[in-house]
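Work through the exercises below with the sequence and the model in view. Each task is followed by a solution in steps.

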Amino acid sequence: MMDKQEFEGEYYEKNEPQDTATHSTQPKKGWQTGKSLLVGLLGGVIGAGLLLGGMKYYQNKTEQPVTVPKITMKDQKNGQTKVSDLKVNVDTQATKAFEKIKGAVVSVEAYKTSVKADQRIDDLFSNSNIKPPVSGSSGSGVIYKKVGSVAYVVTNNHVIAGADKYAIILADGKKIPAQVVGKDAVTDLAVLKVESKDIKTIASFGDSNNIKVGETALAIGSPLGSNYATSLTQGIISAKKRTLDVTNSKGVSTGQATVIQTDAAINPGNSGGPLINLAGQVIGINSMKLTSTGAQGTSVEGMGFAIPSNEVVSIINQLVAHGKVQRPALGVMIVNLSYINKEYQTNKLHLPAKVTSGVVITEINPKSPLKKTKIKANDVIVKLDDKKITDVLSLREALYEHQVGDKITISYYHHKQLKTAQVTLSLEG
């Protein structure tokens, strides 16, 4: 960007002298006009004389030669400059937070070595020692646990999806082979493990339920690849909970995700890196950003999203324990009550007027644990244990706080009556 330069000119204003007179007596009638003419004429002559004299004076002044001062060696030395030795204290809270966690942030590389080539590629490499090309992707990750000789790294599932070889690059540039512990397409999370001998910094998780809108948030990662590793961007928490439709790497919808919205810059390669608070704690795993929206492709700035740390911890613990996420299920098809018109709510669902939120059961699967209860289709679930259910998202969140085999209490409306049922959660499938 070129700097815009402004030039200030000088403005000169000439004020001609004005002739003024004050008379204390009234002139005699008859010669008043002649006297006025004489006074005016004299005034004009005097005024012109002053003006001409002023112009001559100004002209003489401007025609004087300009003398340029001679610059000596001493003057030249005095004109030199140097860097100030003043030290500015920039040890801000953001700086401290970054220094605390930067060693735990890594670049993640994933490769697919078994590339399917067409016949022309096969022919090209069949009679040579050249190996077929290797496809790859890169992202970010954060080291969160170290146990003996093994350290664990959390990243996004889409960073490693489809690959069969993995590696991480530490903050100091050292590259270490990695293995997949487990991955989950629904939440877009994955866990890798590496040898821990070179690992010196471990990140800790903060409580994402305690974050506040407007709170400072810092994103760390490797935007555009490891050449820009450990890049830091700063923003705020724009929203604590946003519900987004999620698709996997094949473009297939995997449901909805509850995410933190931030305006901290998140670019390709930041995926899997941490979103941290000013205490240096991980409050989210950066996962996606919105770049355009609508049919016209309206450009969007400052809308990035991160998976909340509380959900991250729950998922990665399951991935380490089982290699996958074992989700409990009710075995039902449901829809938000708010999507149902008032007439249907009254005449078909038989809901009291005071009930304005919940989820409507539209279908119960044959293997659903609800088959052992009196809950029927068209009943409206309003609470799971002590958690109020307002929509599909809140039911999912409440349900995923439990494990397969847990017993829960469901509160629901059936023909205007609030009832409860005890249910043992089964495995989602």
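**Exercise 1. Find the salt-bridge partner of Glu109 and state how close the N and O atoms come.**

Solution. Glu109 forms a salt bridge with Lys175, and their closest N and O atoms are 3.0 Å apart. The term stands for a side-chain nitrogen of Lys or Arg within 4 Å of a carboxyl oxygen of Asp or Glu.

Glu109 belongs to strand S1 (residues 105-112) and Lys175 to strand S5 (residues 175-184), so the pair links distant parts of the chain, 66 residues apart. Helices (H or I, at least four residues) and strands (E, at least two) are DSSP runs, numbered from the N terminus.

Glu109 is buried at 13% relative accessibility, whereas Lys175 is partly exposed at 48%. Buried means under 20% relative accessible area, exposed over 50%, and partly exposed in between (1.4 Å probe, protein chains only).

A note on the source: this is a predicted model, in which local features need pLDDT of at least 70 and side-chain atom pairs count only at pLDDT 80 or more, while totals for chains, interfaces and linings use all residues. Residues are numbered from 1 along each chain as its sequence is written, and side-chain values use heavy atoms, with hydrogens and water left out.

**Exercise 2. How many salt bridges does the rule give, and which elements hold Lys241 and Glu397?**

Solution. The count is seven salt bridges. One of them joins Lys241 to Glu397, with the closest N and O atoms 4.0 Å apart. Lys241 lies in strand S8 (residues 231-247) and Glu397 in helix H8 (residues 392-399), so this pair ties together parts 156 residues apart in sequence. Lys241 is exposed at 52% relative accessibility, and Glu397 is partly exposed at 27%.

Another of the salt bridges connects Glu99 and Lys102, with the closest N and O atoms 3.3 Å apart. Glu99 is partly exposed at 45%, and Lys102 is partly exposed at 31%.

**Exercise 3. Which residues form the aromatic cluster, and how many aromatic pairs are there?**

Solution. Start with the rule: rings of Phe, Tyr and Trp (its six-membered ring) pair if their centres lie within 6.5 Å; planes under 30 degrees apart count as stacked, over 60 as edge-to-face and the rest as tilted. This gives two aromatic pairs.

Tyr144 and Tyr152 have ring centres 6.4 Å apart and planes at 40°, so the pair is tilted. Tyr144 is buried at 11% relative accessibility, and Tyr152 is buried at 16%.

Tyr144 and Phe205 have ring centres 5.9 Å apart and planes at 55°, so this pair is tilted too. Tyr144 sits in strand S2 (residues 135-147), and Phe205 in the loop between strand S6 (189-195) and strand S7 (216-221), 61 residues apart. Phe205 is partly exposed at 24%. Tyr144, Tyr152 and Phe205 form one aromatic cluster.

**Exercise 4. Where in the chain are Asp385 and His415, and what is the phi of each?**

Solution. Asp385 is in the loop between strand S18 (380-384) and strand S19 (387-388). Its phi is near 55°, a positive value in a residue other than glycine. Asp385 is partly exposed at 29%.

His415 is in the loop between strand S20 (407-414) and strand S21 (417-424). Its phi is near 50°, also positive in a residue other than glycine. His415 is partly exposed at 47%.
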